[in-house]
Amino acid sequence: MEAVCHVGDDAVQRLHTLGLEPDDIYVPLGRASAEARLSTELDSPGMAGYTFWSRCNRFFREQMQDDGWTYSNSQQILRCIHPSGRFAITAVSASGNVGEEGASWSGDIRTKNPKGPAVARLVQWNGEQLALFHVPGQRVETPDINEIPTWFLLYKSSKEGLAFELSMPVDMHGKYVDTWRERIVLDENPFRGPEFDIKRLDEAVEDVTVDVPVEFKGAI
Amino acid sequence: MLTSSRLILARKRRRMTLSRLSQESGVSVRSLTAFENGHKAPSPETLDLLASALDLPVSFFSASEVEEIEIDALSFRALSKMSALDRDSARAAGRLAIEINQWMEERFTLPKPNVPTLPHLSPEEAAERVRALWGLGEAPIPNMVHLLESHGVRVFSLAADCASVDAFSLRWKEKTPFIYLNLEKSGERGRFDAAHELGHLVLHAQHRIPHGPEAENEAQQFASAFLMPRSGILAQMLHNADAKRILSAKKKWKVAAVALAYRLKDLGLVTDWRYRTTVKHLSQMGYRRGEPDGIIRESSQLLGKVFSALRASDFPTSKMADDLNITVDELNRHVFGLVPLVIDGEQESSYSKVRPNLRLVSG
């Protein structure tokens with residue numbers, strides 16, 4: 001199957017087929033970012049990043065709980081499982097051209113940290129799946145958690161802010177997951193700006209503007 | 001037809017007693033009392049005299065009734081040292097700013113109030129809680145005014161003729177929070193005042209009325225903890241910091257040097273002796289009365305956007321003032337220092353640390 005990148009309305013529509021709204025992505029990322037900002041120089045150097053990863057997964061699970069999603073930490077992969085039990089999502093830090101429509105399907109975006117055999121098997125399984133599963137309907141036996149497709153909610157912090165996308169990994173090179181069959185890139189990114197850079201959370205960030213939304217109703 | 005509550009509001013706004021207004025207008029005290037009580041209506045000629053003496057359009061006095069801001073709803077610093085005239089003038093100015101806000105809300109969608117009330121917490125705990133709720137972590141706050149505005153607080157300028165009054169705050173109808181800032185102060189002190197007033201809004205709600213030295217101390221502690229969070233300060237390694245180190249460290253938090261020195265003492269990072277000698281040293285360097293080489297005063301993003309949108313729509317400021325039944329001068333006093341000043345309809349001046357003799361002119 002040919003790799004595809006969903007953007008604009010198409011991205012929102014694709015999220016809908018997975019039972020997700022854009023806010024289901026924005027809210028966990030925003031809350032995780034706020035938690036990561038509680039780290040200071042007196043924490044371990046990787047604390048902000050670790051906090052972001054753990055809390056992003058937690059907040060995503062909390063966000064989806066009311067809709068019947070469940071979770072699994074099997075093999076130390078923090079997954080949030082669709083109520084149908086037919087696919088899961090995990091938040092993972094990434095590097096490269098995250099959130100960019102023009103990124104190549106292989107090599108341009110990769111997981112930030114090396115992954116072990118459990119993730120390797122998961123990705124291999126993703127790659128061997130038939131053409132994209134269909135979420136609603138289709139009553140089948142509930143598969144094993146380690147055999148269902150797992151989407152990666154990829155996020156990357158830089159001085160420009162936080163970039164993110166929801167992508168289906170299908171291959172690795174070395175210890176890094178770097179090949180994607182399907183990518184969902186939302187147009188709107190409320191996390192632009194250096195204040196969302198996890199690595200620089202402790203620095204005094206100059207020229208950061210808090211936006212005060214003011215909308216003219218159009219009639220005076 | 002005279003709306004008596006408006007005559008009272010205007011007189012208080014101009015810091016006038018009945019006898020002073022009588023002198024200025026030539027209308028007897030007895031008549032003024034009757035007008036204010038609603039027992040008698042002035043003739044059109046008398047109303048003209050009153051309007052002229054109070055420097056407001058005649059239309060102001062016949063507009064709809066205005067409900068005064070209750071004294072108990074306000075957090076004035078050093079209330080006991082303030083004259084009743086000063087206090088009432090500031091209250092009346094605050095009420096007019098509420099009218100300005102209402103005018104804006106009818107034409108613009110503005111951020112909804114999102115300021116928690118935490119009267120059961122200590123100032124330190126409350127500051128930490130608000131930081132967590134607003135997702136601020138342990139980092140410095142780049143701009144207090146913008147932060148407040150983004151959480152639905154309406155920030156106005158304390159009119160220059162109320163400068164004897166410090167900043168104050170209130171929740172109008174127990175809903176929309178307002179903060180009035182004295183913009184004569186340094187940028188650092190303005191930020192601290194804004195955080196202090198946020199402390200009143202957060203701590204002194206519900207059953208706790210915002211008065212007295214205890215409430216003021218609590219608001220000071222809140223401001224200190226909010227602007228300089230404990231964990232962030234500890235991470236800066238400021239143990240036993242001297243004046244030189246404090247002058248360097250304060251830039252991160254955009255606070256006054258003396259405020260940081262006090263925070264370090266409060267957190268037990270400097271001894272009493274070190275604190276006293278440091279403050280003395282800072283005082284000799286001029287950091288007691290002002291803030292040499294300080295930051296530029298913060299401005300309003302909300303008001304800036306509103307006035308920009310009005311300009312873009314060719315809506316003159318004079319028309320806004322007409323809608324509000326006040327003069328352009330009066331309107332200017334409430335937004336002064338918070339929005340760029342329009343000089344000739346196109347150009348904007350930059351902000352100044354000194355209050356210049358410029359005003360917002362209809363564009």
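**Reading the features of the model**

Tutor: Over all chains, the structure holds 19 aromatic pairs. Rings of Phe, Tyr and Trp (its six-membered ring) pair if their centres lie within 6.5 Å; planes under 30 degrees apart count as stacked, over 60 as edge-to-face and the rest as tilted. The pair of Phe152(A) and Trp180(A) is edge-to-face, because the ring centres are 6.1 Å apart and the planes stand at 65°. Phe152(A) belongs to strand S6 (residues 150–158) of chain A and Trp180(A) to strand S8 (residues 176–185) of chain A, so the pair ties together parts 28 residues apart in sequence. Helices (H or I, at least four residues) and strands (E, at least two) are DSSP runs, numbered from the N terminus.

Student: On what basis do these values rest?

Tutor: This is a predicted model, in which local features need pLDDT of at least 70 and side-chain atom pairs count only at pLDDT 80 or more, while totals for chains, interfaces and linings use all residues. Residues are numbered from 1 along each chain as its sequence is written, chains are lettered from A and ligands numbered from 1 in the order in which they are written, and side-chain values use heavy atoms, with hydrogens and water left out.

Student: Is Trp180(A) buried or exposed?

Tutor: Buried means under 20% relative accessible area, exposed over 50%, and partly exposed in between (1.4 Å probe, protein chains only). Trp180(A), at 1% relative accessibility, therefore counts as buried, and Phe152(A), at 3%, counts as buried too. In chain B, Phe178(B) and Tyr180(B) form a stacked pair, 6.2 Å centre to centre with 10° between the planes, and both residues are buried. Rings may also join into a cluster, as ring pairs do for Tyr26(A), Phe164(A), Phe191(A) and Phe196(A).

Student: Over the ring of which residue does the charged end of Arg6(B) sit?

Tutor: A charge sits over a ring if NZ of Lys or CZ of Arg is within 6 Å of the ring centre and within 35 degrees of the ring normal. The charged end of Arg6(B) is placed over the ring of Phe60(B), 4.8 Å from its centre. Likewise, the charged end of Lys265(B) sits over the ring of Tyr275(B), at 5.2 Å from the centre.

Student: How many residues has the largest nonpolar core?

Tutor: In soluble globular proteins, nonpolar side chains tend to be buried together. A nonpolar core is a set of buried Ala, Val, Leu, Ile, Met, Phe, Trp, Tyr and Cys residues joined through side-chain atoms within 4.5 Å. The largest one here has 110 residues, and Phe61(B), Phe226(B) and Met320(B) have the most contacts inside it. Helix H5 (residues 84–107) of chain B gives the most to this core, with eight residues. Apart from it lies another core, of 33 residues, including Leu15(A) and Ile89(A).

Student: How many residues of chain A are in contact with chain B?

Tutor: Contact means heavy atoms within 4.5 Å. By that rule, 23 residues of chain A touch 32 residues of chain B. Buried area is the accessible area (1.4 Å probe) that two parts lose on being put together, summed over both. The two chains bury about 2300 Å² between them, 64% of it on carbon and sulfur atoms.

Student: How many salt bridges does the structure hold over all chains?

Tutor: Side chains of opposite charge can pair when their charged atoms come close. A salt bridge is a side-chain nitrogen of Lys or Arg within 4 Å of a carboxyl oxygen of Asp or Glu. Over all chains there are 30. Glu182(A) forms one with Arg14(A), the closest N and O atoms being 2.3 Å apart. That pair links distant parts of the chain, with Glu182(A) in strand S8 and Arg14(A) in helix H1 (residues 8–17) of chain A, 168 residues apart. Across the interface of chain A and chain B, the rule finds one salt bridge. Asp211(A) forms a salt bridge with Lys305(B), with 2.9 Å between the closest N and O atoms.

Student: Where is Asp314(B) found?

Tutor: Asp314(B) is in the loop between helix H14 (301–312) and helix H15 (317–323) of chain B. Phi of Asp314(B) is near 55°, a positive value in a residue other than glycine. With a relative accessible area of 67%, Asp314(B) is exposed.
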